[in-house]
Amino acid sequence: MHYPEPGEIFANKYRVEELLGAGGFSRVYRAIQVDLERPVAIKILRPPVHQLDSESERQAKLDSLSVRFHREAKMISKLRSPNTIIMYDYGHLDESGMLYMVIEYVDGLNLTELIRHTGALSPERCVKIMNQILTSLHEAHMHGMLHRDIKPQNIMVYDHMGMTDQIKLLDFGIVKLINDARMEGAKDLTDDGTLVGTPRYMAPEYIRGAEIGPASDLYALGLVFYELLMGVQAITVESSIQIIGKQLEREPFYLPHDVAITPELRTIVNKMVEKDPAIRYQSAQEIVEDLRKIRHLENTGYL
């Protein structure tokens, strides 16, 4: 069971061009869909079943993961927001057990790369980016889906037909049906108890193992908002243990008082990063409405 190499034909129709990224059990490739000559990205998951003792156990685990993977892929296929990455295809390879998703290829920068190139962004530019991400999340949440790994690396910015700062939210491959623990037999790809996500952007309730919801995604997005405005991460320590400790502290990651933004925008960002989910924003649409009020005040000359 091995990952494809550049030049190989994957799943009988995609010519692999180059490796874009790799994680513990997955890889992402740029490829060409041969029949349409269309550039795509392929995310391949190799389930960690090698540690199981018997072939029957390994096959049972692969079958279980495949069912859940296909269920999640069908949910992702319902998303239509122009700011959500489009999924073209998905499936599994019987001979290897590999699971894969084929998504549109976006030729741009992720927000981490953008900040590295430009530093802090203007408030106006941040708001434009945030509105698009919130549009994507609003649709997902309305379908009962959580992203669970909102971070700058999963948000692409690109230019399209002269329009700058266009946004695509990536990696809905680890979405979770909201409250799926109440659904008999429904589990996600992390039923072994492993956290899925990135601790630096992970909501405190998620780390504690408490119930999570849309407000948990919005907390992570608030930390991304902070990073865009400041040009630096809200959490500056590096070890996972220290990062988790910072997330579990009572003190929120409020914007510094000397950052040059309007009080209204500061209030929005600070409410997004509240440690208590009960006083945080509860929906993406609430944030969109508050951002719209700021634009109205700017247009009338009050700000």
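Accessible areas were computed by the Shrake-Rupley method with a 1.4 Å probe, and for residues only the protein chains shown count as cover. The accessible surface of the protein chain is about 15300 Å², with 53% belonging to carbon and sulfur atoms. The model is predicted: local features need pLDDT of at least 70, side-chain atom pairs count only at pLDDT 80 or more, and totals for chains, interfaces and linings use all residues. Residues are numbered from 1 along each chain as its sequence is written, and side-chain values use heavy atoms, without hydrogens and water.

The protein chain has 303 residues, of which 49% are buried (under 20% relative accessible area, 1.4 Å probe, protein chains only). It contains eight helices and 11 strands (DSSP runs: H or I of at least four residues, E of at least two, numbered from the N terminus).

Strands β7, β9 and β10 form an open antiparallel sheet in the order β7-β9-β10. Strands pair if DSSP finds at least two bridges between them. β7 (109-110) and β10 (163-169) each have a single partner strand, so one side of each lacks a neighbour in the sheet. Two bridges join β7 to β9 (residues 155-160). L109 has V157 of β9 as its bridge partner.

One aromatic pair is present (Phe, Tyr or six-membered Trp ring centres within 6.5 Å; planes under 30 degrees apart are stacked, over 60 edge-to-face, the rest tilted). The ring centres of F10 and Y100 are 5.1 Å apart and the planes stand at 85°, so the pair is edge-to-face. F10 belongs to β1 (residues 9-10) and Y100 to β6 (residues 99-104), 90 residues apart. Both F10 and Y100 are buried.

Conventions. Buried means under 20% relative accessible area, exposed over 50%, partly exposed in between (1.4 Å probe, protein chains only).
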